[in-house]
Structures are given as C-alpha cells and as structure tokens.
Amino acid sequence: MKGLSLTTLALLSALSSGVSAANLPSQLQWVHHDDEPLFASDKAQFGGTFHTFMSSFPQTLRSVGPDANSGFRAYLMDGTPKLAGRHPNTGKWIPQLATAWAFGDDHQTVYFKLDPKARWSDGEKVTADDYLFMLTYNRSKDIVDPWYNDFFTNKITDVVKYDDYTIAIKSGVKMTNDELMIQINMPSNGLQPRPKHFFSNVRNDNNNDGMPDDFVRRYNFKSEPTTGPYFIDKIKRGKRVVFKHVKDWWGYSNRYYQNRYNVEKVSYRVIRDMDIARKHFERGNLETFGLVLPSLWHGKSNTEPYQTGYIDKFWGYNQTPQGAGGLWMNTKDTLLSDRNIRAGITYATDIDGMIKKVLRGDYMRLPSGMGFGHGGYDIKGETAPKFDTTRAIKYFEKAGFTHIGSDGIRTNDAGQRLSFAITYSSRMHTRRIAYLKEQAKKAGLDFTLNLLDGSSAFKYMLEKKHQIAFLHMGGGEVPAYWEYLDSDNAKPQTNNFTNYSNPEMDTLIDKYNHEFNTQNKQALSHKIAQKVADEYLIVPGYMVPYTREAYWRWLKFPKNAMTKKTLGLFSPIGIANFWIDESTKKATEQAMDEGKTFEPITIIDDRFKVGGQQ
C-alpha cells in the first residue's frame, strides 16, 4: 500500500466504503493518523466506583436550552467523542467517531468517514443520519437556545450525506484546515451526532422544524443516549448523580481509547462548600481533592491521612492554552485613555512579586496579556514587562503627574490623584490585589480595591463600569482577537474589557479573521499581540499550567502520568487513564484498621513544565 499514490488511496478508500467516486471530489487525500503513540497503560484495571463531588445539582440534563450552560454539561457533551480529537502530546488529530477525514479545496468543507463500529449507549448504530439530524436539532427554535441556532446556521452551514458512513461538513467562512477541525471538534459547540431514533416517535411538532414543541420541558430530566463511555444510571434529586460504564463500549475498538475510562461507576455527590468537601475526602468518602491553591498544597495537606501515607499528593505540569488575562485597563476612562499612564501602571504593577510572595512562587507569569500556549500564533520568546518604578515614574511624569502628595500619591497640576480602582470577583484574590497596591505606592500610584461577587463583578466589567479589571479568561487553541479588541465590540455587554477602539487594529483583526494560510495568519497574530503590548492595554497576569491533586493511594495511573493536555489527573471525562486498584484499596483499609502506616508519597511530573523538558 505504501507505493500507491494518495489519489489512488483515496479512490480505493471511497470504493471500499460503498461510495461512488463520482459523489465525492476525486482528489480527496484521506488522513487517518492511526499510529500516534499511546498515553494509557496496559496495566490498567477495570472496575470499582469513583467517588467525587460537584458544587451544585444540575437544573437540567439537557445539553442545550435554558439552564444547560453549566459545569454539568461537560459530563453530557464536552467530554464525549467528537469526529476527531487532538492527540494530547503530538497535537495531531486522531480518530474518534470518524476513522478518516479529508479537506476540500474551498477551505470550508471537511469530509469524514464515520466509524461503523460506533454505537449509541442504547445499542443503536451511529450513522450519517444522526449528523443530519444534528442540524435539525440545533437549528430548532424549540430548544430555546439562540447560540446553537446561530452556530448551526451561520458557522456550520451544511451537512452532506454520501452514504450511511460518509459525510461532509461545511463551514460558513473560509479557514485554515486546522481551524476547520478545531471548529468542528470543539468540545463545547455541540457538533456531535444527535440520536435521531430517540426522537423519531415524537409527534407534536406543530412548527414543522423536526423537534418536539415541548422539548425543554419534556427532556429537562430525560437524558439522551450517548456515544461516550458513561451514561446516567441513577439520580437522587439535589444530592447525587451516578454514571455507569456502557457495557461493551464501542470505543475500545479504537486503539486510543483502550485502557482508559477504567472505573465502572462515577458517583457525583453534591457538596456546596469546599472545606466540607475536603473533610469528606480526608475521611475517605471521596477519592480525590484538588490542591491547586497554594494554601491547600502547602498548608492544609499535612493532616493525619497524609502523614500516615494513606493519601498521596501529585503535582503535574501541562501545556494547555491560556486565555487573555491580567489587569485590563478601560481606555475610555479619562486618565486611562493616555498611553503614558497605561505604560506607567504596567511598570508599577508587581505581578512577579505577587506570585513570589503571596502565591509562594507556584504560579507562573503570562508572557503576554493575550495569553499563552498557542504555538506559532504566540510571539516566540515574548516576556511580560518587569516591575520597574523608575520607568513607571518617567511615564507618569510625561502624563503630567509631577507632584507628590503628603500620602505619597502623585497628582497633576489640576490636583487629580493618580488613583484607580481594581475590580475583582473573589475574596481569595484580596491579598493578591493588596500586595499590588502596596508595591504601586513606590511609584506614586494608588490602587483601590473594588471587590464584587462573581456574577456582579463580571456584569460590572461587561457594562464597562470598571477602571481596571482583574480578570483571566479561558483560551482556545487559536487566539481570539475580535471579541477583545475590535472597535465594533467597544461597547457595553461585550468582552472588549479595555474598551479599545483603533482603526489600525481593526484592519489587522479583519485580515486575521479572513486569512486561511496558517503561516500568514500567525504573522498577523504576532502583529496584533505586539500592538496590544505597545499600547499597554493589559498588564499580563499569571497562569497555572499544572494540576495538583491529593488522592487515596489505591488510585493508580501510568508511569508518565501527565500529557501536555491533562487538565485533571483524575477527571473521568478527560484523558481518564487512571484506575482503581482494588487489592491496594483492601490493603489500605486493613492497614487503617490495624494502625499500620505507609511512607508518604509526593509525585512531581514536570516533563511539560514551561521552560523544562519538552
């Protein structure tokens, strides 16, 4: 087979699936990526119940519609198979629900060969009709979800069926091949099949859009079949949700799924208070507990279960994309409209010192206010501005703040104080902002603290009522610029938190959005990010490129535990290559009864630490 041309391979592949060559473009080059390295362990054991918790009970089991946009949706949709997924170390696209894919010449269409082994959790086959029904489902007004209506009308414009296991998906705009795959396979956008057979007997479709008129009410607590390894088995309203492993799950025919999703059941218990959850964990009622916060890792993980070796600790670094974040300056504020003042604030803000002295050096500085971890889209070698009061004072004096008041804060000839409020959303951040306040005084700058509760703070920022916002956003694989920087978005109820408006930036963003050559797009990304830095719009904040977790010693994982994309070592819906060792569990429980102890263990996996081994 290696001697055949790609065109010949494409033709043979098409014919073998029963598709007439005339029905598909003749020059399709099918991609498989079946030989990437594995990241699970053949020592994994199947079985047991994994006990964990969630902070609130879901208001619905729907993944779309009212109340569906909650953390629980990840268990229903975000973590289920897509057509393809990123290999967590090499970054190549690998098969999930599709066995192969090919790109059209129009930069808008991707063709997929579906895995004929794929099954819904109720045993029905996954076919092209489920992808056609996906459009019906997500375009329906009956789901009462305008975002999905818009995405599956304007972003995904068509799904074409060639046979039961061959489809094409068309984007509404031209993109690079990688961007097309990202859009199609994003965890949260819902571009996954919907079980047509599950809705086939519904008759009350008065508006003829193919979906039941009472969808929201009827399916509020009725879960759809899934293609993933776990289905909802039991629910105790307000208290618990239990997932069970699908018997003979089809995914194990895919080499990348083997030795993953090893526990038989996952029990999510509702515990609203983190301190209470930690106590449940230390009593053995939960298997794991997160220790990302420095106060937890350094201060509260030295109790008896740790000292006796019943509980182990793990610190593993990843290389996941980091979103834009830090101190966002509202450029429509009278003083903050002055670049010199923004520059002065940037150099008078001691983020590095805050990381070292308040956060025990655990967190890492973002090199750019626009985030990090986007590969070639990031400026190579970029570093965040360092705390420098001498430079800060020079910029403040250029802006006219040449006087120093009795309190050490600078003023201008009009008597205005160099003072700005920092709006933030969590009490745990107060010490961090307070440190910045004390350090800023050295340059004659005053920060005041404006703490609002989470939802109120974000609304305040969206409405552009802030002067400076302390905020870190989530990030995707390819940087998003329009929402944060375009003039059209410099208005209330948008993510342009700097309120920035600049025609030159708008032109760069427009070119970036319409460029589908990857190299050219990355060059435009560098220009945009550099302009953000030159304009001093965001003081780059920090990132937490790791997971830190405590776990009972019967939980096991591969020798190389972390991948570059591991968010949580013991996430049942993520990489999920851990397992429960029942013999170790019994031995541990017996040791506890007998007062026997073990050597405490702390594992640090820093293979993917930024600046370390890659």
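Student: Leaving aside neighbours within four places in sequence, what is Leu-485 in contact with?
Tutor: Contact means heavy atoms within 4.5 Å. By that rule, Leu-485 is in contact with Met-370, Asn-496, Tyr-500, Met-505, Asp-506, Ile-509, Ile-528, Val-532 and Leu-537. This is a predicted model: local features need pLDDT of at least 70, side-chain atom pairs count only at pLDDT 80 or more, and totals for chains, interfaces and linings use all residues. Numbering starts from 1 along each chain as its sequence is written, and side-chain values use heavy atoms, without hydrogens or water.

Student: What makes a set of residues a nonpolar core?
Tutor: Its members are buried Ala, Val, Leu, Ile, Met, Phe, Trp, Tyr and Cys residues, joined through side-chain atoms within 4.5 Å. Buried means under 20% relative accessible area, exposed over 50%, partly exposed in between (1.4 Å probe, protein chains only). The largest such core here has 151 residues, and Phe-112, Ile-345 and Leu-485 touch the most other members. Helix α3 (residues 128-139) gives the most to this core, with 6 residues. Helices (H or I, at least four residues) and strands (E, at least two) are DSSP runs, numbered from the N terminus. Domain 1 and domain 2 each supply at least three residues to this core.

Student: Which residues are in the other core that lies apart from it?
Tutor: That core has 7 residues, including Leu-24, Leu-28, Trp-30 and Ala-100.

Student: Why are β18 and β20 said to stand at the edges?
Tutor: Two strands pair if DSSP finds at least two bridges between them. The open sheet runs β18-β17-β19-β13-β20, with mixed pairing. β18 (446-451) and β20 (538-540) have a single partner strand each, so one side of each is left without a neighbour in the sheet.

Student: How do you know that β17 and β19 pair?
Tutor: The definition asks for at least two bridges. Strand β17 (residues 419-424) and strand β19 (residues 468-472) have 2, in the parallel sense. They therefore count as paired. Ile-422 stands opposite Ile-468 in β19.

Student: Where are the domain bounds, and how do you know them?
Tutor: They come from an automatic or database domain assignment. It gives domain 1 (30-43 + 56-216) and domain 2 (324-543). Their C-alpha centres lie 36 Å apart. The contact takes 7 residues from domain 1 and 7 residues from domain 2.

Student: What is the area buried between domain 1 and domain 2?
Tutor: Buried area is the accessible area (1.4 Å probe) that two parts lose on being put together, summed over both. Here it is about 630 Å², and carbon and sulfur atoms give 61% of that.
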